Amino acid sequence: MTTLRAEYENGSQSFVKQIDGLMSQGWIGIRRARGDGDCFYRSLAFAYIERILNATEPALAVTSALSVLESTQPVLEQVGFQRLVFEDFYDAFAGLIKAVVQPPADGRLLTITSLLEAFNTPEVSNSVVMYLRLLASAQIKSDAEAYSPFLFNPDTTEPMDPESFCNNFVEAFGKEADHVQIAALSNMLKVNINVAYLDGHDPHGNVNFVSFQNAPDPSTEPVNLLYRPGHYDILDRRSEDPIPPLLE
């Protein structure tokens with residue numbers, strides 16, 4: 001976080017004050033994701049799997065995550081996605097989770113280092129991102145009545161129908177995620193997500209946290225993300241990162 005602060009020292013002091021505010025609350029680390037429009041999905045996926053990896057009872061965490069993930073496949077099919085289209089993406093995501101407790105073909109259990117390696121492998125990382133995009137799309141389409149009032153073209157602010165919105169701004173690579181996509185994924189994965197908005201809007205350094213609560217147990221540790229205009233990173237309380245900070 002001190003590195004991020006240094007980037008703003010000669011610019012907006014509102015951002016500096018917000019960063020100082022986060023650090024005073026114990027948020028002293030970030031793990032950066034590449035700014036390519038997929039940063040929300042990549043950050044969420046990495047932090048989600050890392051949380052399973054660090055769980056007190058990894059086997060139970062894996063079983064729970066895989067159960068939820070398995071339940072998403074019928075939803076994808078119900079909204080028109082063919083299994084042939086998404087099964088490879090599913091396998092990539094589920095494979096990483098399984099590897100926490102069950103060695104894959106290479107015989108290695110997942111570690112924080114091999115997780116980073118996987119996310120730096122485009123075939124794996126992009127497959128996981130694509131599955132999350134399809135999940136968000138399926139959730140929006142399957143509950144169109146609930147989401148429709150919030151679907152707008154981010155460029156023109158014109159209202160959009162769920163099908164058009166998902167086709168253009170959810171399923172397409174490189175399209176940034178906003179509140180709707182975050183809420184949809186929180187719902188589909190049954191995961192709590194906290195997003196700290198570092199937007200420079202508060203001159204006193206206050207940072208607005210928006211929580212998406214969909215885990216069966218409200219006390220479940222959330223995935224914590226940091227939003228800056230147009231970009232998401234992983235927010236962390238650790239002072240030292242166990243792995244290099246960049247997710248390619």
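This is a predicted model: local features need pLDDT of at least 70, side-chain atom pairs count only at pLDDT 80 or more; totals for chains, interfaces and linings use all residues.

Trainee: OK, which residues touch the most other members of the largest nonpolar core?
Mentor: Those are Phe93 and Ile97, in a core of 69 residues; a nonpolar core here is a set of buried Ala, Val, Leu, Ile, Met, Phe, Trp, Tyr and Cys residues joined through side-chain atoms within 4.5 Å. Helix α3 (residues 39-53) supplies the largest share of this core, 11 residues. Helices (H or I, at least four residues) and strands (E, at least two) are DSSP runs, numbered from the N terminus.

Trainee: And what is Ile97 in contact with, leaving aside neighbours within four places in sequence?
Mentor: With that exclusion, Ile97 is in contact (heavy atoms within 4.5 Å) with Tyr48, Ile49, Ile52, Val62, Ala65, Leu66 and Leu69. There is also a second, separate core of 14 residues, and its members include Ile30, Ala196, Leu198 and Val207.

Trainee: Switching to Ile182, is that one buried or exposed?
Mentor: Ile182, which sits in helix α10 (residues 179-189), is buried, with a relative accessible area of 0%. For these words, buried means under 20% relative accessible area, exposed over 50%, and partly exposed in between, using a 1.4 Å probe and protein chains only.

Trainee: What does Ile182 touch, then?
Mentor: Not counting residues up to four places away in sequence, Ile182 touches Phe40, Ile193, Val195, Tyr197, Phe212 and Tyr232.

Trainee: Which strands pair with β5?
Mentor: Strand β1 (residues 29-33) pairs with β5 in the antiparallel sense over 3 bridges, and strand β4 (residues 223-228) pairs with β5, also antiparallel, over 4 bridges; two strands count as paired if DSSP finds at least two bridges between them. β4 and β5 form a hairpin with 2 residues between them, and Gly230 in the turn has a positive phi of about 80 degrees.

Trainee: New topic: what is the volume of the largest pocket?
Mentor: The largest pocket has a volume of about 440 Å³. A pocket is defined on a 1 Å grid over the protein atoms alone, as an open set of points where a 1.4 Å probe fits, with protein on both sides within 12 Å along at least five of seven lines, and lining residues have an atom within 4 Å of a point. Grid points are joined across faces, edges and corners, and the volume is the space filled by probe spheres set on the points.

Trainee: Which residues line the largest pocket closest to its centre?
Mentor: Of its 19 lining residues, Arg51, Leu60, Ala61, Ser64 and Thr220 are the closest to the centre. The largest share of the lining, 5 residues, comes from α4. By class, the lining has 11 nonpolar, 3 polar and 5 charged residues, where Ala, Val, Leu, Ile, Met, Phe, Trp, Tyr, Cys and Pro count as nonpolar, Asp, Glu, Lys and Arg as charged, and the others, Gly among them, as polar.

Trainee: And the second largest pocket, what volume does that have?
Mentor: The second largest pocket holds about 380 Å³ of space, and of its 17 lining residues, Pro154, Glu176, Ala177, Asp178 and Gln181 are the closest to the centre. Helix α10 gives the most to this lining, with 3 residues.

Trainee: Last one: what is the phi of Thr157?
Mentor: Phi of Thr157 is near 65 degrees, a positive value in a residue other than glycine. Most residues other than glycine have a negative phi. Thr157 is exposed, with a relative accessible area of 58%, and Lys190, in the loop between α10 and β2 (193-197), has a positive phi of about 55 degrees.

How values were computed. Residues are numbered from 1 along each chain as its sequence is written. Side-chain values use heavy atoms; hydrogens and water are left out.
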